Amino acid sequence: MVTNTLLWIMYCFYSLKNISGFTKSSLVIIIAFNLLTVVLSAFLSSILIQKIKNRFKFIVYWIVVGILLSPITLLIGNVSFFSTILLASILGFYGGFGFSVVMGYYSATTQKINRAKISGLSVFFVTIFFVIMTLGQEYVLSPMVSSGTMFAMISVTICKLVSLIAILLLKPIESSVSNEETISYKAVLKTREVLLYFLLWLMFSVVNNFVNPILYDSFGNTQFFAQMTMVETVLSGILAILFGFLADRVGRKRLLFIGFVLLGLGYALLGLLSAYPMSLPFYTILDALAWSIFSPIFLLTIWGDIADKRGGEKFYVIGVLPYLLSNFLQIILGQYSLISMIDLTTIFTFVCIFLFIAVIPLFLAPETLPVQDVRELDLRKYYEKVKEKAKKDAKNLQLHDDNDNDAANDSVNNDV
């Protein structure tokens, strides 16, 4: 469910972003409507679910609607400007409407000690499916729709069908929203952990999406840049599994510190060696490592940890804002080339300083994975090992006794 939700929002956003035939201003307006409706519908559904109470049935109906709605994505790039705005709004509203409820369900049905590893797996599947659809749009040609749009639409529909079949067959335990779990947005924003991690996530997202248009303008070979972007996407998705497991062992803060160090090294490398094209592959590896840490933790883990046993919908709505807003900032910077006149060394020096400032909230933020949970997990594993060893020793002892008895009986028989 998490994979389908994130995949829908990303697929619609990038399909709209790559539309041709509109002016720069028109494209910015289209993207603005899409992201705005995502946020507004997520905000609406996070409040509405408190009255509906039952998340599971809501999600089932939402997936069914998505299957029926998927064919209209074929209209992207094939209708007028105002029709495209309406289409972008519909797609954004649907994606956001399910996002908050799915993430609330995810928060309620996962434990802190396992949440990051599940988040890493979700990021991996989102990345793989997104890469497949992106390559399909670029290289697969359909007789009905050019540029592989049909292929991408079918891929999204299949993902939703698989999700629906899995839910109906597995019949997971329903997660209901009780009055005791509900919390207002005012209370969420007053939570110290939310403010600190939100500020940290916002700074990283803004810096990262500020740098991407610079890189695109700096490396004139757009094919080379596109290849490095694809490599980074695949690498970060694969490594997200590893760092998800590590986050459930060593905690979230340690990995976030490591991620910011890697990111700072990458930007410093670009600032010092910006004139050399080979600096891009090294930066790609470092940025992929950083994103493989940030994606599972910031998108899917931290907000569920902070929500704890309360309804997680509002926490995830607040948590996704930096990601959406920074992507919109990237669109504006990329369309209008607002940074093309600034010296690259100056830009990356500024970015490194800004990242150093961004780490300050991380020092103040508490660890969301309690040490007690890790110790209890280690104790349970140790107990299981001891129990298994005791059973094995008892079995060996029994076999030894049986052999001794058999030997004694044979000796008596021989004497007789």
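**Exercise 1.** Is Phe 125 buried, partly exposed or exposed?

*Solution.* The structure is a predicted model, in which local features need pLDDT of at least 70, side-chain atom pairs count only at pLDDT 80 or more, and totals for chains, interfaces and linings use all residues. Residues are numbered from 1 along each chain as its sequence is written, and side-chain values use heavy atoms, without hydrogens and water. Step 1: buried means under 20% relative accessible area, exposed over 50%, and partly exposed in between (1.4 Å probe, protein chains only). Step 2: Phe 125 has 40% relative accessibility and is therefore partly exposed.

**Exercise 2.** Classify the ring pair of Phe 204 and Phe 294.

*Solution.* Step 1: rings of Phe, Tyr and Trp (its six-membered ring) pair if their centres lie within 6.5 Å; planes under 30 degrees apart count as stacked, over 60 as edge-to-face and the rest as tilted. Step 2: the centres of Phe 204 and Phe 294 are 4.3 Å apart and the planes stand at 50°, so this pair is tilted. Step 3: Phe 204 lies in helix α8 (residues 192–218) and Phe 294 in helix α11 (residues 279–307), 90 residues apart; helices are DSSP runs of H or I with at least four residues, numbered from the N terminus. Step 4: both Phe 204 and Phe 294 are buried.

**Exercise 3.** State how far helix α1 is enclosed by the rest of the structure.

*Solution.* Step 1: helix α1 spans residues 2–17, which is 16 residues. Step 2: of these 16 residues, 14 are buried, so α1 is largely enclosed by the rest of the structure.

Definitions and conventions:
Helices (H or I, at least four residues) and strands (E, at least two) are DSSP runs, numbered from the N terminus. The expected span of a helix is 1.5 Å times one less than its number of residues.
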